[in-house]
Amino acid sequence: MELKLPDKVRDFMSTVSRSGYEIYAVGGSVRDLLLGRNTADTARWDFTTNATPQQIQEIFPDSFYDNTFGTVGVKIKSKKGETEEIYEITTYRKEGKYSDRRHPDEVVWGRTIEEDLARRDLTINAIALSYSHEKKSSSKSYRVVGEENIRLVDYFGGREDLRQGIIRAVGNPEDRFAEDALRMLRAVRFAVTLQFTIEEKTFDAIRENAVLLEKISGERIREEMVKILSSDYPADGIKLLYNAGLLEYILPELVKGVGIRQPGHHIHDVFTHSVESLRYCKNPAWLVRLATLIHDIGKPVAYKELDGKPTFYNHEVVGAAIAKSIAQRWHLSRQEREKLYILVRWHMFTVSELLTDAAIRRFIRRVGPENTADMLDLRIGDRLGSGSRETSWRLEKFKQRIIEVQKHTPSVNDLAVDGHDVMRVLGTPPGPKVGEILNKLFAEIMENPAKNKREYLLSRIRGISN
Ligand code: ATP
Ligand code: MG
């Protein structure tokens, strides 16, 4: 197999190598390179070395050092001298003790690349790639020989697992997951994004140890969930999380929907319906996908049987509150939190040809013009995810209506009276008062467009001015 390193990476590695240190690329970029994916622009390159952070900083004077993880960030400049990307270079480490199953008690330096690779999570992530220059014996100058200077270091069968599409823990999975429970979620994440299969022992160990995920911070969980939700098969990802026993510790509120039956056109229980809605949501944004997945998360709480039939009154209100607590747990940004809340809170909007423009305007105002398209994507996923073969023509019509209503969103200029009318009725000269009155009239017709009649508005001017 011919491995081609981007020039920038080669230059960087040979700079370190020429200074007399070992340097290896590791992690995602090596994995992608071996999978034949484009690594030049997309992947983030991570490196590991036997040089200490101080020694790396001597080679790259404008690099910066993150003390907690022993990682040095090196700015890679473009030809014009602008910083293009940051390469992270970490001194060999070995596994420390994890008393809290979250953070190693201390970062322990490793001596060899083998030690460093042994502490990594999955075999496919534990392949290192070295690039070294060759020393000419006759001269003091160094000569960089083409790509044949690439060597792969693979102690754990990572290349074979990559070839076969297998996710396997490095070493004993039980121990590795007990050290850091996030690795279980990462195993699922890589299975989903790469469409690989989790090897049996690794999968069993995840099922056994799933509860340890409780110790993991919301931020770390969110990072992996965002990747699962952003993948090509997010719904299968959620199912795999459920089957692995992890979902219970990530979104317990969602798992409560298992076995909760629904009336009418629904063919699924609440949980399956949620997952299927996600499957049919065609929106690429993870946040909209998350909202689609959890849109009915209030149903298990709101469930009541009436005359032998399940009902879920106000589930969107309960659900929005749950959405808020999930958003907090995952430390979403304020904007993300608000959007998630809105999408869950208002997903029950009526879609009918009988809606007035005012009702549509109210919908747009509640949801926010920036969210209406996402709200409709959620609703289409919702509909298809409940077993309908097609989206309803009403939804399509509703979309058209929203576009039209937004196209001519009325302004003060659309009022059936103008400033001259106001001045004439009140006998006042031009001034800010005239504008104020027009704005108040406008607020009235926004609520009820039928009131935009000249006669009526003329009669209102005096009332409003008092
Ligand atoms: P990507 O960046 O494409 O999501 P990645 O494999 O590079 O994938 P990172 O989170 O960037 O993932 O981690 C870089 C490398 O660090 C991994 O490939 C793996 O070798 C190691 N690693 C990351 N997290 C852990 C962990 N929790 N336990 C052990 N090793 C880990
Ligand atoms: Mg990475």
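Me: How much area do domain 3 and domain 4 bury between them?
Reply: Domain 3 and domain 4 bury about 390 Å² between them, with 46% of it on carbon and sulfur atoms; buried area is the accessible area, taken with a 1.4 Å probe, that two parts lose on being put together, summed over both. In domain 3, the residues that lose the most area to domain 4 are Ala358, Arg361 and Arg365, which together make up 72% of what that side buries.

Me: What should I know about where these values come from?
Reply: This is a predicted model, in which local features need pLDDT of at least 70 and side-chain atom pairs count only at pLDDT 80 or more, while totals for chains, interfaces and linings use all residues. Side-chain values use heavy atoms, leaving out hydrogens and water, residues are numbered from 1 along each chain as its sequence is written, and chains are lettered from A and ligands numbered from 1 in the order in which they are written.

Me: Where do domain 3 and domain 4 run in the chain?
Reply: Domain 3 covers 256–409 and domain 4 covers 412–465, with bounds that come from an automatic or database domain assignment. Their C-alpha centres lie 38 Å apart.

Me: And how many residues are in contact?
Reply: Five residues of domain 3 are in contact with four residues of domain 4, where contact means heavy atoms within 4.5 Å.

Me: How many salt bridges cross that interface?
Reply: The rule finds zero salt bridges there, a salt bridge being a side-chain nitrogen of Lys or Arg within 4 Å of a carboxyl oxygen of Asp or Glu.

Me: New topic: is helix α14 mostly covered or exposed?
Reply: Helix α14, residues 286–293, is mostly covered, and eight of its eight residues are buried, meaning under 20% relative accessible area with a 1.4 Å probe, protein chains only. Helices here are DSSP runs of H or I with at least four residues, strands are runs of E with at least two, and both are numbered from the N terminus. The buried residues of α14 pack against several helices, including α9 (218–230) and α19 (372–384).

Me: Last one, why does Asp154 count as partly exposed?
Reply: Asp154 counts as partly exposed because its relative accessibility is 25%, and that class lies between the buried limit and exposed, which is over 50%. Asp154 sits in the loop between β11 (150–153) and α5 (158–164), and its side chain reaches the backbone nitrogen of Gly157 at 3.3 Å.

Technical notes:
Polar contact = N/O pair within 3.5 Å; in protein donor to acceptor, adjacent residues only side chain to side chain.
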